[in-house]
Structures are given as C-alpha cells and as structure tokens.
Amino acid sequence: MRAALAVCGRELRSQLASPLAWTIAAGFLVTAGYFFFSQVVNYAEAMQQYEMYAQLSQDPTMLERFNLNLLVEGMFSNVLVLLLFVVPILSMGSVAEERRRGTDELLLTAPVGPGGVVAGKFLGLLLVLWGMVAGSGLFLFLLTLHGNPERGPIWTGMLGLALVSAALLAVGLAVSAATASQAVAGIGTFVLSLLLFAMAWPAEAVGGTLGKVLGDLALPAHFDDFTKGLVTGADVAYFVSLAALGLFVARALLASQRWR
Amino acid sequence: MLAVRSLAKRFGDVVALQDVSFEVARGEIVGFLGPNGAGKTTTLRILSTYLTPDAGTATVGGHDSAHEPMAVRRKLGYLPEHPPLYLDHTVREYLGFCAALRGVPRRRRAAAVDGAVARCGLTEVRDRLLGNLSKGFRQRAGLAQALVHGPEVLILDEPTVGLDPQQIREIRELIRALAGEHTVLLSTHILPEVAAVCGRVVIVHRGRVVADAPVTELTGAGSLEEAFLRVTSADAVEGMA
C-alpha cells in the first residue's frame, strides 16, 4: 500500500514536471475553449431564428424546447471526443517508458508487486487527467454565471467524464504494459478507444443478438445518459468494468514479464 | 544466505545459463566474474526476482526467487546493469522514492536518504537533477538506491562501471565496509576489483560455473588474471548478450 502510494506520488511528480503533460493540458483546454465558443455563438444564432419562427407561427411553445441544457450536452459530447486523443498521449509512456529506461527493473524487484505498480501508476495519471477534465468545467461554470442551465446535468456530466477518463486510462495502461515502445502504445490505445466509440455504428444493420451486444458495448451511449442528468447502475457498471478489465490486463502483463 | 542450484535459462535459441550453482554465506562478499555474455546479468536478474529460471532454483535467505518473490524482495538491495534512474528527479527525491518503495517508514526516510547520500559520496549533488549528473554520479546514485533501505543482501551488477580510478577506490572501500552486516554478491569483469574487495570468486563462462574458490587460492599460482584466462579460455570466448 505504502509502496503503491510511492509509485503514485512519483508518477504525479514526473507528470507535473513534464512538458508533455502541460502541453496536453494546454491543447485540451484550448480546443475545449474553442468548441465552447463555437457552441455559444451557434446557440445565439439559433436562438434568434427560433424567436423569429415562433413569432411568425404565433407558437410560443416552440421556444420552450430550446434551452441551455442543449449547450451543456453538446459541450460534454465535445469533451468526450477530446478524451479520445488526450488519454492515449498521456498513458502511452506509463509502462513502456519505464521499460525503455530500465526503471521497470527497479519497480519489479521492489516489494510492491505488479498490482501495486499498476495501481500506483493508474492513480497518479488519473489525478492528472481528472485535473484536466475539471479544468474544462470552467466553461460550464461561465455558462452558469451568464445563463441558467440546469445544474444537475452539469454535475452528472462531470461524473461521467471522470468515469470515462478512468476507463480509457486503464485501457491505455494495459496497452502500454504490452510494449516497450511509446508510439506503439499510443497508437494501440487510440485505435482501441476509437473502436469503443464506433462500436454501435453497424449495430442496427447487423441486428439480432450481435447487434444488441455491439450497441451495449459502445462507449458514447453509456456516457449520453450522464449528460442528461441520468446516473444509472448499468452505465456506471460499464465504465467500472472497463477500468477493472484494463487494470487486470496491465497487472497480468507486468506479472508475466518475469516468466518470459 | 544466497544459494543458486543448477540454474538454466534460455532466451529463444540463445542459451544464457546451462548449469550454474554456487552459494554465498551470510556476511560474505563474493565476486561474480566472467567474460561479457557469460550469464552474469541473467543470474543476478533471476536472484533479484526480475526473471525466473527455466530450471533450477535461486534462493535468498531460504526463499525461492521464482515462487516467493515478495519475501526475496524484502531482503534485497539490487543495482541492475543499467542504473534504474528517473532523470527528472533530484538525487534526494529519487532516493526518497526508492526508500518508500522499499517500505521504509516515512519518519525514518529522511535519515535513510541522508545516510545513503553520505555513504556514496553524493552530498555535493544531492539536490541536482539526475539527468544533469555525470556518469560516475549516476552510477553512485544507483548504488545508493540499492543501499538506502539497509537490506540484508546486496546484489550489484557491475557497480564500478563508468567511474574514474578515484571513485572506483571509494566504491570499493564502501563495499568492503559493508562486509559482515551485509551479504554482497557483485558482478564485474574488472579483475583487480575482485582481488581488492572479495573473499571468494565464482567465475562463469558460457552459462556454466568454471571456478569457485577463495581469491587467495586462485591467485596462489599467479595473478587472478592468469587464473581467469585459464578457466575461461578452454574454448574461444564468444559473447552472448
């Protein structure tokens, strides 16, 4: 436990001193900010048109379906897509780089065990990732200063992002544990994440049990509920299972290394 | 304290170890010699639990390194062939992390780090980044990492590589001072080093032990160098990594 926390603290220290982590954070926040800007101006434009239609058609109920929650939902979907790029870059070096530097020999001969190494690294990187995600909450905070969106979906959406981050990071850790090359780890994680995003695309056409399975395995559908203010056991279980699977595979790969 | 019995290990088609057996008693300093590629590093990696053997056993304090790795790790200090350094850490940060990783309680950590820093001659660079240090200091930081938690057994893979003669002498004296309270197995291919610090020598060649005797016995007939060449030149020396 103490040793795993030491691994976590060391990872955090390295990340905070690393230009890579700060570059990712800056890129993430700048892009998220631009998405936010474009959504706000598009929202304002659409708002004007709706007002015009409502006046022309003498139907004020048209405006009732139009509110800031749409913008909040859109913002969360955008940040979700950004995570697809951010997580692989952040996680690619996690184990692969230890191997290349030879520091895995230090970690794996210390009384911490492969499970402790994986847990420590995961926690350290997750804190960095959560920091970035929390930073993107700034934009929604600005929205609450100048408008009045429902607060519920904002909180549940942030919870959803936290869960997605953990799940994708665990996948990235597992891929990184399979190689000594950062580039291979990064690309592998990106491809796996992309597949998780696109899993449901052919679901309807495939149909049957397979179609249903593909639909259920897709990541975005499980996230969408969170952006609507809905926290369901199934969605939480999906992300927790994905994270657990990733960590399990990462641990198994590290543990088996000495037997090869 | 250390016992290696009939160790064998191959990597694909390359046979690294065929049949390696030797023992190291408590408090002893044993030199582990051999040409490059003889199987020194592989043997030490098996003892340190980083690898497992294909056949045979390696035990540390009675614990099997393959099947009771955690018990072995608790007894060990280990300097791998390439010092496992985090170059974005200062010497003290790094050693603090190593101490925590090895289970040194928080309140004793600062003292353990200061002790290792002083013993390994790192005082003047203790707050500098490892990435900015010379090879000699990096090697010493690697050695400090192996000592910081006061382990019973030290396994050192070429501890004096990259050091200048003055530093080599300091490290030798340090290792000699460890005798008695620590058990040390140290690999090297620098022969005077062995004569200077070790009580006994194990020589491996092509994955087999070809000599195992007190230094005085091996050097009785001439220099250690002659003895080394005699036992390792039975056939041409071809390295394997």
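## The nonpolar core

A nonpolar core is a set of buried Ala, Val, Leu, Ile, Met, Phe, Trp, Tyr and Cys residues joined through C-beta atoms within 7 Å. In this predicted model, the largest such core has 140 residues. The members that touch the most other members are A167(A), L169(A), A170(A) and L173(A), together with L95(B) and A144(B). Helix α7 of chain A, residues 151-176, gives the most to this core, with 14 residues.

What does L95(B) touch, leaving aside residues up to four places away in sequence? Its contacts are V113(B), A116(B), V117(B), A144(B), Q145(B) and V148(B).

## Chain A as a whole

Chain A holds twelve helices and zero strands. Its C-alpha atoms fill a box of roughly 75 × 45 × 30 Å along the principal axes.

Of the 260 residues in chain A, 38% count as buried. Among contacts in chain A with a separation of 6 or more, 80% are between residues 24 or more positions apart.

## Helix α12 of chain A

Helix α12 of chain A covers residues 233-256, which is 24 residues. From its first C-alpha to its last it reaches 34 Å, close to the 34 Å expected at 1.5 Å a residue.

Which residues of α12(A) are buried? They are Y238(A), F239(A), L242(A), A243(A), G246(A), L247(A), A250(A), R251(A) and L254(A). An α-helix has 3.6 residues a turn, so residues three or four places apart point the same way.

## Where the chains meet

How many residues of chain B are in contact with chain A? There are 20, and they meet 19 residues of chain A. On the chain B side, the elements that give two or more residues are α2 (69-75), β6 (76-79) and α3 (91-101). This side divides into eleven nonpolar, five polar and four charged residues.

## Helix α1 of chain B

Helix α1 of chain B, residues 40-47, is mostly covered, with eight of its eight residues buried. The buried residues include the charged K40(B) and R45(B). Also buried are T41(B), T42(B) and T43(B), as well as L44(B), I46(B) and L47(B). After α1(B) comes T49(B), whose phi is positive, near 80°.

Note on methods
Residues are numbered from 1 along each chain as its sequence is written. Chains are lettered from A and ligands numbered from 1 in the order in which they are written. This is a predicted model: local features need pLDDT of at least 70, side-chain atom pairs count only at pLDDT 80 or more; totals for chains, interfaces and linings use all residues. A residue is buried if 20 or more other C-beta atoms lie within 10 Å of its own, exposed if 12 or fewer, and partly exposed in between; C-beta atoms are placed from the backbone. Helices (H or I, at least four residues) and strands (E, at least two) are DSSP runs, numbered from the N terminus. Two residues are in contact if their C-beta atoms, placed from the backbone, lie within 7 Å. The expected span of a helix is 1.5 Å times one less than its number of residues.
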